[in-house]
Amino acid sequence: MNDAARKLAPLAKDQADQHYREAPNNLEAEQALLGAILVNNDAFYRVSDFLKPVHLYEPLHRKIFEVAGEIIRMGKTANPVTVKTFLKADDKVGDLTVAQYLARLAAEAVSIINAEDYGRAIYDLALRRSLITIGEDMVNIAFDAPLDMPPQSQIEDAERRLFELAETGRYDGGFQSFNDAVALAIDMAGQAFERDGHLSGISTGIHSLDGKMGGLQRSDLIILAGRPGMGKTSLATNIAYNIAASYEPEVQPDGSFKAKNGGVVGFYSLEMSSEQLATRIISEQTEVSSSKIRRGDISEADFEKLVACSQMMQKVPLFIDQTGGISIAQLAARARRLKRQRGLDVLVVDYVQLMTGSKKSGENRVQEITEITTGLKALGKELNVPIIALSQLSRAVESREDKRPQLSDLRESGSIEQDADVVLFVFREEYYVKNMEPRDELDPKYEEWKMQMERVKGTADVIIAKQRHGPTGTVKLAFQSEFTRFSDLADPSFTQYEH
């Protein structure tokens, strides 16, 4: 209570000299805001969407703000007379009773016009106090070194709290008028018109796929699934490199950069090392077989192509994290860090089943996958980026005559299917037809097999099994296995068909 009294009564110079640092606060602003609310309850609605009782520094002020808010929400009038009923009558503010203090606040109230400015000042000071708390906690935990919180976990926790504070420490949010929503929609349409390919989302670099999906939409969780050998990683790698290679930054009024075309890509490679991933991308770009690159079976001309390609690729904003068995908490912390330091427009995770959940999920793998997919969806919304998460399919596909995958084939499927905004299946009929080759060329079925092989050779289907904001269907692509490259088919009559 003394803090409030200190602001009302002038202090002597020797009392004002303090030998300790006080937490950031502005009690005059709190008094001015509370006075405005007690005089005109409309002032409360100007700050209630972002200012909460906990943001006020003085405990009595918190209580007054909380009580006044509850009274106003009930449709009643909050004034010194109605509010004092809910406060302790014997509490003192210096020489004043609570009732006298409330009357004093109302008597010295500022205009309601200034209420929002005072609210923002109070909120900013509360954020600074939160920063101090996070810093103090970091120091104290580091000194205590608890067994259940190793240094890496502490770093991740601090990053999470700081990013959370940065994201929530804004005055936006809440309801917006329909006019504002329409303006945002028109802006998005304008950006799509200016962007290469006229897409509302980020182009994958594969036109027939973009035609069906409108590009990768921000905050979407896109599941890319398929059986081993279908080319999931190849397609994800192709898309990731296409986006990074076409990155074109645009300077914003505040000096920051925003992607006009393409984007900065973060790639979590839980299955392959960064060298293997880079080899695949180099092979795709140079059209030198990745198996030849690994064996060193290349000519001088091929080597010159590899060197030239590597020099060009050094400028591409594609960042690879090859940590195996990463948890959803670690992945989120590193993604936040990448966005802060380099920017982030697309995130790729290869693949979901190689991630780990928290210890809480225990032995229940379905529950663990649910935690992972829910975490990925939340992360996509938090960072406002599309996340492409690769997933394995169950063996049920192999036991069917029709090998085309279905939503029910997703491993631990319930949560994956539910959380995903888009589900894509990669299916190469060539893979299955090739395995059916008759052993003897004189076999009567050999010619039939040969014709079937010619029909499907070098092609792949990307089946859009689920899409919240667009049609489902199938996109037929060209696939060059020696270069692990997906691309649009040359013949436009085969680029797209409904299945």
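Visitor: How many residues lie between S12 and S13 in their hairpin, and which residue in the turn has a positive phi?

Guide: Helices (H or I, at least four residues) and strands (E, at least two) are DSSP runs, numbered from the N terminus. Two strands pair if DSSP finds at least two bridges between them. Here the S12–S13 hairpin has 4 residues between its strands, and Thr484 in the turn has a positive phi of about 45°. This is a predicted model, in which local features need pLDDT of at least 70 and side-chain atom pairs count only at pLDDT 80 or more, while totals for chains, interfaces and linings use all residues. Residues are numbered from 1 along each chain as its sequence is written, and side-chain values use heavy atoms, with hydrogens and water left out.

Visitor: How many bridges join S12 to S13, and which residue is the partner of Phe479?

Guide: S12 and S13 (residues 485–488) run antiparallel and are joined by 4 bridges. Phe479 has Phe486 as its bridge partner in S13.

Visitor: How many bridges join S11 to S12?

Guide: Strand S11 (residues 459–467) is antiparallel to S12, with 6 bridges between them.

Visitor: How many residues of S12 are buried?

Guide: Buried means under 20% relative accessible area, exposed over 50%, and partly exposed in between, with a 1.4 Å probe and protein chains only. In a regular strand the side chains alternate between the two faces of the sheet. In strand S12 (residues 473–480), 7 of the 8 residues are buried, so S12 is largely enclosed by the rest of the structure. For the protein, buried residues make up 44% of the 499 residues.

Visitor: Which residues have the most contacts inside the largest nonpolar core?

Guide: In soluble globular proteins, nonpolar side chains tend to be buried together. A nonpolar core is a set of buried Ala, Val, Leu, Ile, Met, Phe, Trp, Tyr and Cys residues joined through side-chain atoms within 4.5 Å. The largest one here has 76 residues, and those with the most contacts inside it are Leu216, Ile223, Leu331, Val348, Val349, Leu376 and Ile388. Helix H12 (residues 232–245) gives the most to this core, contributing 7 residues. A second, separate core has 35 residues, including Ala29, Leu33, Leu96 and Ala115.

Visitor: Which residues does Val348 touch?

Guide: Contact means heavy atoms within 4.5 Å. Not counting residues up to four places away in sequence, Val348 touches Ala236, Ala240, Val265, Gly266, Phe267, Tyr268, Ile388 and Leu390.

Visitor: At what angle do the axes of H3 and H7 cross?

Guide: Two packed helices are described by the angle between their axes and the distance between the axes. Axes are lines fitted to C-alpha atoms, for helices over the stretch in contact, and angles run from 0 to 180 degrees between N-to-C directions. The axes of H3 (residues 27–39) and H7 (residues 98–107) come within 7 Å and cross at roughly 85°. That makes H3 roughly perpendicular to H7; angles under 35 degrees count as roughly parallel, over 145 as roughly antiparallel, 65 to 115 as roughly perpendicular and the rest as oblique. On the H3 side, Gln31, Leu34, Gly35, Leu38 and Val39 meet Tyr101, Leu102, Leu105 and Ala106 in H7. The residues of this contact divide into 7 nonpolar, 2 polar and no charged. Ala, Val, Leu, Ile, Met, Phe, Trp, Tyr, Cys and Pro count as nonpolar, Asp, Glu, Lys and Arg as charged, and the others, Gly among them, as polar.

Visitor: How many residues of each class are in the contact of H12 with H13?

Guide: The axes of H12 and H13 (residues 274–286) come within 10 Å and cross at roughly 70°. That makes H12 roughly perpendicular to H13. Among the residues making the contact are Thr233 and Asn242 of H12 and Arg280 and Glu284 of H13. By class, the contact has 3 nonpolar, 6 polar and 2 charged residues.

Visitor: Is Ser219, with its positive phi, buried or exposed?

Guide: Most residues other than glycine have a negative phi, and most peptide bonds are trans. Phi of Ser219 is near 75°, and at 19% relative accessibility Ser219 counts as buried. Asn384 also has a positive phi, of about 60°, and is partly exposed, with a relative accessible area of 41%.
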